[in-house]
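Dear colleague,

I am handing over the structure we spoke about, and my notes on it follow below.

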Amino acid sequence: MFNINNIIRPNVKAMKAYSSARDEFQDINDDFVFLDANENPFNNGLNRYPDPFQRKVKSILSEIKNFPTDQILLSNGSDEVLDLIFRAFCEPNQDNVIAISPSYGMYIFLANLNAVEYRKSLLNESDFQPNIEDVFSKVDENTKMIFLCSPNNPTGEIIKREAILEIVNSFNGLVIIDEAYIDFATEPSWIEEINNYPNVIVMQTLSKAVGLAGIRLGILYASQEIVEVLNKIKPPYNINQLTQLKAIEILSDYEKVVAATNTIVQQKEVLENALTEICFVEKIYPSDANFILIKVDNANERYDQLVEKGIVIRNRNNDDLCKNCLRITVGTEEENGKLVQVLKGLS
């Protein structure tokens, strides 16, 4: 049976959380005089420290996702969540983590930063799904976490439910499911299963479907016990007031977010169909995200040609299993049309 106490770093388990002024007094009332946090007393809308637990943002997310607020952690981008997870559960120069490959590059970056061994498990080349046997061949007594990006970046495909279930049920450590692109997929989010699987952490973001990449707000959904551990070590005011206010504004009109997401999905289908007419496109991989991975005759050459025409995409030629592959983000109808026009004119 999975027990979170068995994988928390001893120094983290022994720590006491830093107590800020807004932790000690949470009942904000306009009639009160606040002389506790050494703030500037002259009101300009931002002279007070922000809510360290982002209660209003979490309340809206809780309603949208039908998920308890005490099982939500907000962070300065998903990268901060990842860093907190490494620091809470992985002993430097001792533990290791496993991740599918190709996948999101920050996993290995943060593993290296935290002196944690990073073990790659190549996806099956035929369908970009995990090789379960290979994943577990890399697990040992010091393996603390397995990372699964689903839908995966840069391949675009969602990881099949049965594959994730096999990993979750067989691994006595944390399984981090990175769902940055889940809003573009037809499969349900794994947050619906968290209460059934205490070793699952789900990461999401406001950077993709919600369209708020500029405010850097990442979201973690997990058991209350995991969230309590991470709250203990996170910076006290990691989400600034402007970020919280903008998140509240946009999330309060979530129907608009859904409509924009649906438009992107529709445009992806249009773009996929148009790419079939490009002579040097050798393969279009299935995508459950807001981007399309394609294989071309010469990725470096095609990338340079597009840049010369003022169009910037991502060259994934150096990623595992992605030789001569380009990743194209779905843009507006006009942007996609310009891309297709330029592609058709390339020789």
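Which residues does Lys 208 touch, not counting residues up to four places away in sequence? Lys 208 touches Ala 180, Tyr 181 and Phe 184, where contact means heavy atoms within 4.5 Å.

Please bear in mind that this is a predicted model, in which local features need pLDDT of at least 70, side-chain atom pairs count only at pLDDT 80 or more, and totals for chains, interfaces and linings use all residues. Residues are numbered from 1 along each chain as its sequence is written, and side-chain values use heavy atoms, with hydrogens and water left out.

An unreviewed UniProt entry annotates Lys 208 as "modified residue: N6-(pyridoxal phosphate)lysine", although such annotations may be inferred rather than shown by experiment. Lys 208 lies in the loop between β6 (200-205) and β7 (217-221), strands being DSSP runs of E of at least two residues and helices runs of H or I of at least four, numbered from the N terminus. Lys 208 counts as partly exposed because its relative accessibility is 31% (buried is under 20%, exposed over 50%, partly exposed in between, with a 1.4 Å probe and protein chains only).

As for helix packing, the axes of α10 (residues 254-275) and α12 (residues 333-345) come within 11 Å and cross at roughly 5 degrees, the axes being lines fitted to C-alpha atoms over the stretch in contact, with angles from 0 to 180 degrees between N-to-C directions. The two helices, α10 and α12, are therefore roughly parallel to each other (under 35 degrees; over 145 is roughly antiparallel, 65 to 115 roughly perpendicular and the rest oblique).

Best wishes
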